[in-house]
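Dear colleague,

I am passing on the structure we spoke about, together with some notes on what turned up in it. Please have it open beside you while you read.

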Amino acid sequence: MSAATRRLTTAQALVRFLSAQYTERDGVRRRLIAGTWGIFGHGNVAGVGQALVEYADVMPYHQGRNEQAMVHAAVAHARQLNRLSAQAVTTSIGPGATNLVTGAALATVNRLPVLLLPGDYFASRAVDPLLQQLEHPVEADVSVNDTLRPVSRHFDRITRPEALIASALNAMRVLADPAETGAVTLALPQDVQAEAYDWPEEFFADRVWPVRRPAPDPAELTAAVAAVRAARRPLIVAGGGIHHSEAETALKALVDATGIPVASTQAGKGSLRHDHPADLGGIGHTGTAVSDDLARTADLVIGVGTRYTDFTTASGTLFRHPDVRFLNLNITGFDAHKLAARTLVCDARTGLEQLAGALTGHRVDAAYEAEYRAGKERWEQVVETAYRADDENAVPTQTQVLGALDAVVGDTDVVINAAGSLPGDLHKLWRARSPRQYHLEYGYSCMGYEIPAALGVQQAAPGTPVWALVGDGTYLMMPTEIVTAVQERLPVKMVLIQNHGYASIGGLSEETGGERFGTAYRYRAEDGTFTGAPLPVDLAANAASLGMDVLRAKTVRELRDALDRARTAGRPTCVYVETDPAPTAPPAEAWWDVPVAEVSSREAALRARERYDARVAERRRHL
């Protein structure tokens, strides 16, 4: 007797398969693919599109307006759920598919799972070339989807129906593996999507992918314990892996027992509550003074779940102790071995628990604790000064906007940002009160991320107030998903800050000899430069035209009231505020390497190069 089969199209089989996939960690089971975002064209409308209609009862569908934005929403959803649940994104061939590339890069850089299902050319070549097909004169099997290869953790093109079986299983393996995860691409030729095949019933059975918590190697653990016990000035660098592993309680237990202070990357902020005495805030170029001062004198840096980007290491200039050594706890060996570190290749929670157990009775010197606690108190005064508004009727500065928001949000609200000058201000100043309150996408720092990300987080955390903090530059990149928020009745809150240009890159341009060229949203002056009056752009009116409720705030007092009203609003709401451009954020406490012109006829570039040469001389290779 032959095994039972079911005759379905390839697309129908894929959607049915995806609806039966689960992750399980610590006894908790979740849908691995919780839903599918899609924009349809000729490359997927009669394939995946028809299949989503066929299985609408088991695979939720979300209608997006921009392919890149759909990936951002899916990635934010996965991050909010600690990578235990993901979403799929389907597009047509051609422009729809290539619009996925930026989102895929963001997902892979940040080690966050998303399944991409772009349409592709006819596998049969019966229609060749079809509309939007790339014709390569040397490699006939290349399509525009091949642009997704370098930004995907797994890529396959399904040229025969039966090839889907092995490929789909492999795709789920990568998505569910915390050491491998990122963007996964299954390119789907449009004729194959619609082709029928007799699929084995076993392919559609519920399948659980265990998310393991690997323990550290005993010998590595012994060496790590010895290194910690020998250190006089240890410092923990908390990365995003702590959140993904839900290791916050384990970190707190280790810190409470040993007194080792914690500084956080953008992804790791919130690993400890801001008011924990050992939480020193952000580290690196956008870090706090106390974190960076301790980093310069640390003799052991314990990285937990961090990739050590240039912002974290201040481009290799931050860790200056002559005998500094690194101990890295990471589930990915690639990241664990950075900076020539001792390694604990393991799950963050398991590793921290075992490290704490092996360090029983050990505690840092009392003078060291007193030193960093005093530094923390000094920095808190810096935060208070930046947040404080002495005149409630004045136009707020950007840091006063953050202060007003800080006074309104609850402990479990989620605050989302990705690009511009806000990430630096937030990393230095924000008081994170819960593990997922601080949602900064700074691995890729992608303008346009915030609004679609708010949708993904709101889907993952219904009932939670979700705030997208957006500058005028990033708003203009991608406001389209406001329409989706309205359509889906997702009550996201957007704080839209208008300062008439790229404020962050303008400051960087000035620092590096670029003279703020091309960074302002202004009319041309008589000399041809963009230094005229600000453009008469009304972004609040634009948000309203897309369906948002808009609250305009001109003063600090009006801002506080608008934020309070927005928090309890039952539909998408924008708080629009023009800010005083005067800088009120604390200056950078550490360097960031952006190379400066080595020769120039302009004085600004020559001065910038002098400063650059002085700082680059401080760089150190840790071997």
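With which residue does Glu-24 form a salt bridge? The partner is Arg-29, and the closest N and O atoms of the two lie 3.2 Å apart. Please bear in mind that this is a predicted model. Glu-24 is partly exposed, with a relative accessible area of 29%, and Arg-29 is likewise partly exposed, at 49%.

A search of the whole structure finds 41 salt bridges. One of them pairs Arg-6 with Glu-201 at 2.9 Å, N to O, and this pair links distant parts of the chain, since Arg-6 sits in strand E1 while Glu-201 lies in the loop between strands E10 and E11, 195 residues apart.

Another joins the side chains of Arg-349 and Glu-353 at 3.9 Å, N to O; these two are 4 residues apart in helix H14 and are therefore separated by about one helical turn. Through salt bridges with shared partners, Arg-349 and Glu-353 belong to one network that also takes in Arg-25, Asp-26, Arg-213, Glu-246 and Asp-347.

Finally, a cis peptide bond joins Asp-128 and Pro-129, with omega about 0°, and Pro-129 lies in the loop between strands E7 and E8.

Technical notes: Residues numbered from 1 in each chain as written. Predicted model: local features only at pLDDT ≥ 70, side-chain atom pairs only at ≥ 80, totals over all residues. Heavy atoms only, no water. Salt bridge = Lys/Arg side-chain N within 4 Å of Asp/Glu carboxyl O. Buried < 20%, exposed > 50% of the residue type's maximum accessible area, 1.4 Å probe, protein only.
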